[in-house]
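Biologist: Could you take me closely through the part where the two chains meet, with the cut-offs behind each value?

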Amino acid sequence: MTSAQIEVLLQTLISGILLGGLYALIGLGMTLIMGVMKIINLAHGELMMVAMYIAYWMFVLFHVDPYLSVFIAAPVMFFLGVMIQKFLINPVLRVESILPENQVILTVGIGMVLSNLATMFFTSDYRSTPVGYATDALYLSDYWKSSPIELSLSVPWSVSFVFAVIITIALWFFLSKTDTGKSIRATAQDPEAALLMGVNIKLMRVITFGLGSGLVGAAGCLLLPIYYLFPALGGQFTLIAFVITILGRLGSAMGAIIGGLVLGVFESLTATYIGMGWAPVGRFVMFIACLVFLPGGVASLLRKKRFGA
Amino acid sequence: MLEIRGIDVSYGDTQVIRDLSLEVRKGEVVALIGANGAGKSTTLKTISGLLRARKGEILFEGTPVHKAEAYKLIGMGLSLCPEARRLFVEMTVDENLDMGSLKGEAKRQRQRTKEAVFGLFPRLKERRRQIAGTLSGGEQQMAAIGRGLMSLPKLLMFDEPSLGLAPILVREIFDIIKKIREDGTTVLIVEQNVKQSLAAADRAYVLETGRLVMQGTGEALLSNEHVRTAYLGV
C-alpha cells in the first residue's frame, strides 16, 4: 500500500469509529428497552427526531448550543418516554390481545404520529444547524510537522463522540453501581425473581422507557451539528438502531456498543471503497450476514470468552 | 406468624388449591410435602403474591397480605427462595446478594449481612465477583439462600431447595436451614425430599391434589403408615 492509500484507510476508520460511537448511543437506548420490556421500540428514531427539533429550535430561537441542549432535550425525552410507557404501552400490555406483537405495532403508530406532527408543524424542509464550528477540523500535520501522512479530525464529530462516550460511561455506572440500575438489569433477566426481591417492576419498565428515550434524545442533540434534520429522518435511525440491537444481541448493552462501532466502521468503509450511496446497502448486508452466521450477536462471542468454553 | 385461611387458587379454569388452611408459628420450621403437582409451589407463590387466591385470606403477623403487591412483601420480612433458584444469571454473586437487600433496614445492614452470609457460605466469598450463571448447582443454591437471607427475613420460605443437588449437598442445605432457624428466622419449606424435610421440621403438612390431607409433627408423620407407603416407599 502506498502512503496515500494508508491515509485513506486510516481516515475512513477514524470517521467510522466516530460515527460508531453515536450509533452505539442510539442502539443502547433501544437495547435497554428491548432487554427490560421484550419489545422492539420502532418509534426510536422518531423520538430522536423530536429531540433534534427541540435542540434545533433551542439553537435558532435562544442560541443554545446543541451540545448544551443535551441537558434540556434528554430530560424532556425521558419525560416523554415515561408518558408513552405509562399511558400508551402499559394499557396495551394489560389487554389479552389477538397479536402478542400489539405493543410493537403501537410503537410504529407512535412513530408515524410523531413524524407527521413534525411535518405539520415544521414542514418537510431539510434544515441544518449553522453552528460556528461545523467545519472546524484538527490536522495531524499541525501537531507533527514531519508526519508522512496527513489525517484530519472534524471538531464537531469528535466532540459528539466524546459526549457519547461520557454518556455511555455514565449509563454503565448507573446500571452496574446503583440499586436502581441493578433492579433494571434484574427486571430484564428475570422479572418474577425481581418482584420477589422487592423490585417494583412496573416502575422499572416506566423508568427504562424513559431512559431509552432520554439516551436517543441525547444522541439526537449530538447528531444535530453534523447532520441535517427533516421530519422523516426517524425511520432510517430506527432501522440503524434495530440493526445494532440485532448485531449486539437483543438486550445486551456491551453488544450494542460493539455493534454500533462495527456498523459505523463498516458503513464508513463501504462509503469510501464502494460509494457514498452504498452505505445503507452495506448496513443491511451486514445485518443479514449477522442473522445467518452469528444469530446470537456479538454478545454470544463475548459470552463464550467469559465462560471459558 | 403466618396464617392461611381457606384459600382457593386456580390457573385459569384449573383449580389447583382447594380450601387450604395452615399456620406457621414464630421460630418454627414447617414443611409442606406432597407429590409433584400437589400444589406445594403454588401455595408458596400465592403467599408471595405472585399468584392470587380466589377465596380466603393470608395473614402475615396479623396483617392481611393476600391483596398486597408482590414487591412490597419482602419489606415486611417475608422472603421466598424460589424453585430452581432463579438467580440473576448475568449478574455477579455480589450483585445478586445486593438484590436481596434493596429495602430499608436490610439495605442499611447490607455489608454486615453479607459478611454473615459469607460466614455461612465461605465458597460464595471466593466466588463473589463471578457471574452467577457460571456457578455449579450447589453454589447457585447457596447464592439463592444467601440472597434470601440478605433481606433479613422474619419468615424465609424455600421452594424445593434440594432439587437437582447431589446427596451430600442436600445434607449441607438442610444443615444450613437448621442454622438459619437457630439464628431466629422462621422457616417454611416445600420439598419432595420427604425424609430429610420431615426430619428437619417441627411440624409438617401433607398436600395431595390441592387439599390438605394430614398434618402433625415431623416425627409423627415420619412414622405414619400412609406417609411411609406413599412418600418414603417403605
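Modeller: The count between chain B and chain A is six salt bridges, a salt bridge being a side-chain nitrogen of Lys or Arg within 4 Å of a carboxyl oxygen of Asp or Glu. One of these joins A:Asp190 to B:Arg86, with 2.6 Å between the closest N and O atoms. Helix H2 (70-76) and helix H3 (93-99) of chain B are the elements that give two or more residues to the side of chain B that touches chain A, where helices (H or I, at least four residues) and strands (E, at least two) are DSSP runs numbered from the N terminus. That side of chain B divides into 12 nonpolar, five polar and 10 charged residues; Ala, Val, Leu, Ile, Met, Phe, Trp, Tyr, Cys and Pro count as nonpolar, Asp, Glu, Lys and Arg as charged, and the others, Gly among them, as polar.

This is a predicted model, in which local features need pLDDT of at least 70 and side-chain atom pairs count only at pLDDT 80 or more, while totals for chains, interfaces and linings use all residues. Residues are numbered from 1 along each chain as its sequence is written, chains are lettered from A and ligands numbered from 1 in the order in which they are written, and side-chain values use heavy atoms, with hydrogens and water left out.

In contact terms (heavy atoms within 4.5 Å), 27 residues of chain B meet 22 residues of chain A. The area buried between the chains is about 2300 Å², with carbon and sulfur atoms giving 59% of it; buried area is the accessible area (1.4 Å probe) that two parts lose on being put together, summed over both. Within chain B, the residues that lose the most area to chain A are B:Tyr71, B:Phe88 and B:Glu90, which together account for 25% of what that side buries.

Residues of both chains also line the largest cavity, among them A:Leu195, A:Leu196, B:Leu73, B:Ile74 and B:Met157. On a 1 Å grid over the protein atoms alone, a cavity is a set of points where a 1.4 Å probe fits but cannot get out, and lining residues have an atom within 4 Å of a point. The volume of this cavity is about 60 Å³, taken as the space filled by probe spheres set on the points, which are joined across faces, edges and corners. Its lining has eight nonpolar, two polar and no charged residues.

Terms used: On a 1 Å grid over the protein atoms alone, a cavity is a set of points where a 1.4 Å probe fits but cannot get out, and a pocket is an open set with protein on both sides within 12 Å along at least five of seven lines; lining residues have an atom within 4 Å of a point.
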